[in-house]
Amino acid sequence: MRQLYETIVISLAVYNEMVAVSTVVPGAVEVQTLWWIQTQTVANVQSVVALQSIQDDIDLGEAEAMALALELKADLLLMDERRGRALAANYGLSVTGLLGVLLQAKRNGFIPFVKPVMDRLIEEADFRVSSQLYATVLKTAGE
C-alpha cells in the first residue's frame, strides 16, 4: 500500500472498527503503528448523518469515509462495500476496493501475481468475493 499511496487517511469510525474489536482484524496493527496511515476526524458531522439518512444500510465507517473523502477532496476512496461504493460514486468520488488495489500493485510491478494474494485473503481473512468477480479480476490481471 505504501508503494501505491503516499498517505492513507482513515476516519475515526474506520479506525475504531479495525482496532476496537475482540478478534484480530487484518490491518489493525498497521493503522495503529504506520506513520503514513493517518486517522482524522470528520469536521462536518452533519454530512455523515445525511449520508446515513440517504441510504440506511450505510454504516458509520462507510459514511465517515465518504464524508472525509469529500472534505479532503481525496484522489481516491478505498472501500469494498458495494452499497457504499455506489453511493460514493453518486457523489463523484473515485472509488476502488482491495481487489483494485491488488490489480494496481501488479500493474506497477509490486506483486507478481494477484491470484495467490486473493486466495490468501479468502482463506485467512474471510474476504468474500463472488466467483464471477474472482474470475474477472484474474482475467483483468492476465492470470
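**Helices, contacts and salt bridges**

Me: Is Ile-8 buried or exposed?
Reply: This model is predicted. Ile-8 has 12% relative accessibility. Buried means under 20%. So the class of Ile-8 is buried.

Me: Which residues does Ile-8 touch, not counting residues up to four places away in sequence?
Reply: Start from its place, which is strand S1. Residues up to four places away in sequence are set aside. The residues Ile-8 then touches are Met-1, Trp-36, Ile-37, Gln-38 and Leu-78.

Me: How many Å separate the C-alpha atoms of Ile-8 and Leu-133?
Reply: Along the chain, Ile-8 and Leu-133 are 125 residues apart.

Me: Which residues form a nonpolar patch on the surface?
Reply: One member, Met-1, lies in the segment before S1. Met-1 is partly exposed, with a relative accessible area of 42%. Together the members have about 230 Å² of accessible area. The patch consists of Met-1, Leu-76 and Leu-78.

Me: Which side chain makes a polar contact with the side chain of Ser-11?
Reply: Ser-11 is in strand S1, residues 8-11. At 1% relative accessibility, Ser-11 counts as buried. Beyond four places in sequence, its contacts include Thr-39, Gly-61 and Leu-68. At 3.3 Å, the polar partner of the Ser-11 side chain is Glu-64.

Me: Why do the buried residues of H5 line one face, and within what arc do they fall?
Reply: Helix H5 spans residues 82-90, and its buried residues are Gly-84, Leu-87 and Ala-88. An α-helix has 3.6 residues a turn, so residues three or four places apart point the same way. Seen down the axis of H5, the buried residues line one face because they fall within an arc of 100°.

Me: Which residues are exposed on the other side of H5?
Reply: The buried residues of H5 are covered by elements that include helix H3 (45-54), helix H4 (60-72), strand S3 (77-78) and strand S4 (95-96). Look to the other side of H5. The exposed residues there are Arg-82 and Asn-90.

Me: Which residue with a positive phi follows H5?
Reply: The phi value is near 80°. The residue that follows H5 with this positive phi is Gly-92.

Me: Which residue meets Arg-83 in a salt bridge?
Reply: The side chains meet at 4.0 Å, N to O. The pair links distant parts of the chain, 21 residues apart, with Arg-83 in helix H5 and its partner in helix H4.

Me: How many salt bridges does the structure hold?
Reply: One of them joins Glu-124 and Arg-120, at 3.5 Å, N to O. Salt bridges that share partners also join Glu-62, Glu-81 and Arg-83 into one network. The total for the structure is 5.

Me: By about how much of the helix are Glu-124 and Arg-120 separated?
Reply: Both residues are exposed. They are 4 residues apart in helix H7, so their separation is about one helical turn.

Me: Which residue forms a salt bridge with Glu-143?
Reply: The closest N and O atoms are 3.1 Å apart. The pair links distant parts of the chain, 37 residues apart: Glu-143 is in the segment after H8, and its partner is in helix H6. Glu-143 counts as partly exposed, at 34% relative accessibility. The partner is Lys-106.

Me: Which helices are included in what covers the buried residues of H7?
Reply: H7 covers residues 115-124, and Met-118, Asp-119 and Leu-121 are buried in it. These residues fall within an arc of 160° seen down the axis, so they line one face of the helix. The face turned away carries the exposed residues Arg-120, Glu-123 and Glu-124. The cover on the buried residues includes helix H6 (98-107) and helix H8 (131-141).

Me: What is the phi of Asp-126?
Reply: Asp-126 sits in the loop between H7 and H8. Asp-126 is exposed, with a relative accessible area of 55%. Its phi is positive, in a residue other than glycine, and lies near 55°.

Me: Where is Lys-73 found?
Reply: Lys-73 is not a glycine, although its phi is positive, about 50°. With a relative accessible area of 69%, Lys-73 is exposed. Its place is the loop between H4 and S3.

Conventions: Residues are numbered from 1 along each chain as its sequence is written. This is a predicted model: local features need pLDDT of at least 70, side-chain atom pairs count only at pLDDT 80 or more; totals for chains, interfaces and linings use all residues. Side-chain values use heavy atoms; hydrogens and water are left out. Helices (H or I, at least four residues) and strands (E, at least two) are DSSP runs, numbered from the N terminus. Buried means under 20% relative accessible area, exposed over 50%, partly exposed in between (1.4 Å probe, protein chains only). A polar contact is a pair of N or O atoms within 3.5 Å; within protein, one must be able to donate a hydrogen and the other to accept it, and residues adjacent in sequence count only if both atoms are side-chain atoms. Contact means heavy atoms within 4.5 Å. The arc is that of the directions from the helix axis to the C-beta atoms. Patches are made of residues with over 30% relative accessible area and no salt bridge: like charges are joined within 9 Å, nonpolar side chains (Val, Leu, Ile, Met, Phe, Trp, Tyr) within 5 Å. Accessible areas come from the Shrake-Rupley method with a 1.4 Å probe; for residues, only the protein chains shown count as cover.
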